[in-house]
Amino acid sequence: MSDYKPLAHQKALVTGANSGIGEGVAIALGQAGADVVVNYVEGDDAAAAVADRIRQFGCNALVHKADVSREDEVDDMFGRAVSELGTIDILVNNAGIQRDSDFADMTVEKWNQVIGVNLTGQFLCSRAAIREFLRRGVVPSISHAAGKIICMSSVHQAIPWAGHANYATSKGGIKLLMESMAQELAPKRIRVNGIAPGAIQTPINASAWNTPDALKRLLTLIPYGRIGLPEDIARAAVWLASDDSDYVVGTTLFVDGGMTLYPGFSTNG
Ligand code: BGC
């Protein structure tokens, strides 16, 4: 894998790339030959460490602090990326947060925070990337496509989630945002796809795996019998960003160990 450079000479921007899935994706894109903008909103040192890992593959890496829910910060970030790297070929809309609450106690603040980062953030970053893809068009020596966008969704774009209505709503929204962009922009040779991770071992869901009891309960939801790792998602992202998936448009790739296969029905129903 490390000698295969399907993203050579391409420029990628990964949001929320300082930890978890975003970190894994940013490093894998660098390993696949891309220069990478490592976006983050907090954790300067962690973002710098991700950039260092990417540079070890001989690629360029920039760190850029920006809140993806803010239009001005997103547009400034893309402006810098294009001026320093020349263009952007790949956007991975990864930044996402959870602010869980029973429904009756859900505050407007928690609702707006999650919709703002997870959904509006993907809209704003996609719009900025698409403007650049349309300006530049296809460069055949670089990629068959004028640009690729990967929207990080979740199994919760399909599975309702009690106590997490804001999060599940944001992920359901991402599904149709992704599909609508894919339909509108495919004629311009822009490919938009999604990845729906299941339970991946990252800080966002630490309480679901950091004790033996919690992990045992979690594994009852995963037919494949193990928690996912950021690398499981990163390999899917490299493929969706590369010309190896050139005919894949508007699809959500579930990378979930079978979590969406209704495991409760294996012994019931
Ligand atoms: C959530 C995790 C959760 C997983 C499976 C993800 O989208 O962020 O907290 O463990 O879905 O339920």
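**Stop 1: the ligand**

Start by selecting H156, which sits in the loop between β5 (147-152) and α5; helices (H or I, at least four residues) and strands (E, at least two) are DSSP runs, numbered from the N terminus. Before going further, bear in mind that this is a predicted model, in which local features need pLDDT of at least 70 and side-chain atom pairs count only at pLDDT 80 or more, while totals for chains, interfaces and linings use all residues. Residues are numbered from 1 along each chain as its sequence is written, and side-chain values use heavy atoms, with hydrogens and water left out.

Is H156 buried or exposed? H156 is buried, with a relative accessible area of 13%; buried means under 20% relative accessible area, exposed over 50%, and partly exposed in between (1.4 Å probe, protein chains only).

An N or O atom in the side chain of S154 is 2.7 Å from an oxygen atom of the ligand. For N205, the distance from a side-chain N or O atom to a ligand oxygen is 3.3 Å. How much of the ligand's accessible area does the protein cover? The protein covers 90% of the 310 Å² that the ligand has on its own, with areas from the Shrake-Rupley method and a 1.4 Å probe; for residues, only the protein chains shown count as cover.

To see the whole shell, select Q98, S154, H156, W161, Y167, G198, A199, I204, N205 and M259, the residues around the ligand (a residue is near a molecule or strand if one of its heavy atoms lies within 4 Å of it). Colour the shell by class and you get five nonpolar, five polar and no charged residues. Here Ala, Val, Leu, Ile, Met, Phe, Trp, Tyr, Cys and Pro count as nonpolar, Asp, Glu, Lys and Arg as charged, and the others, Gly among them, as polar.

One more check from H156: select T260, 104 residues away along the chain, and the two C-alpha atoms are separated by 9.2 Å.

**Stop 2: the second largest pocket**

Next, select G24, I27, A28, E231 and A234, which lie nearest the centre of the second largest pocket, out of twelve lining residues. On a 1 Å grid over the protein atoms alone, a cavity is a set of points where a 1.4 Å probe fits but cannot get out, and a pocket is an open set with protein on both sides within 12 Å along at least five of seven lines; lining residues have an atom within 4 Å of a point. The elements that give two or more residues to this pocket's lining are α1 (20-31) and α7 (230-241). Of the elements, α1 gives the most, with six residues. By class, the lining has five nonpolar, three polar and four charged residues.

**Stop 3: around Q10**

Jump to Q10, in the segment before β1. Q10 is buried, at 1% relative accessible area, and its side chain makes a polar contact of 2.8 Å with that of K148. Then pick D89, in the loop between α3 (71-85) and β4 (90-93). D89 is also buried, with a relative accessible area of 6%. D89 and Q10 are 79 residues apart along the chain, with their C-alpha atoms separated by 5.8 Å.

H9 is in the segment before β1 (11-14) too. What is H9's phi, given that H9 is not a glycine? H9 has a positive phi of about 70°, and H9 counts as exposed at 60% relative accessibility.

**Stop 4**

Select R189, in the loop between α5 (165-185) and β6 (190-197). R189 has a positive phi of about 70° although it is not a glycine, and R189 is partly exposed, at 47% relative accessible area.

Finish at R191, in strand β6. R191 counts as buried, with 3% relative accessibility. Show the backbone of L240 as well: the L240 backbone oxygen lies 3.1 Å from a polar atom of the R191 side chain.

Conventions
Polar contact = N/O pair within 3.5 Å; in protein donor to acceptor, adjacent residues only side chain to side chain.
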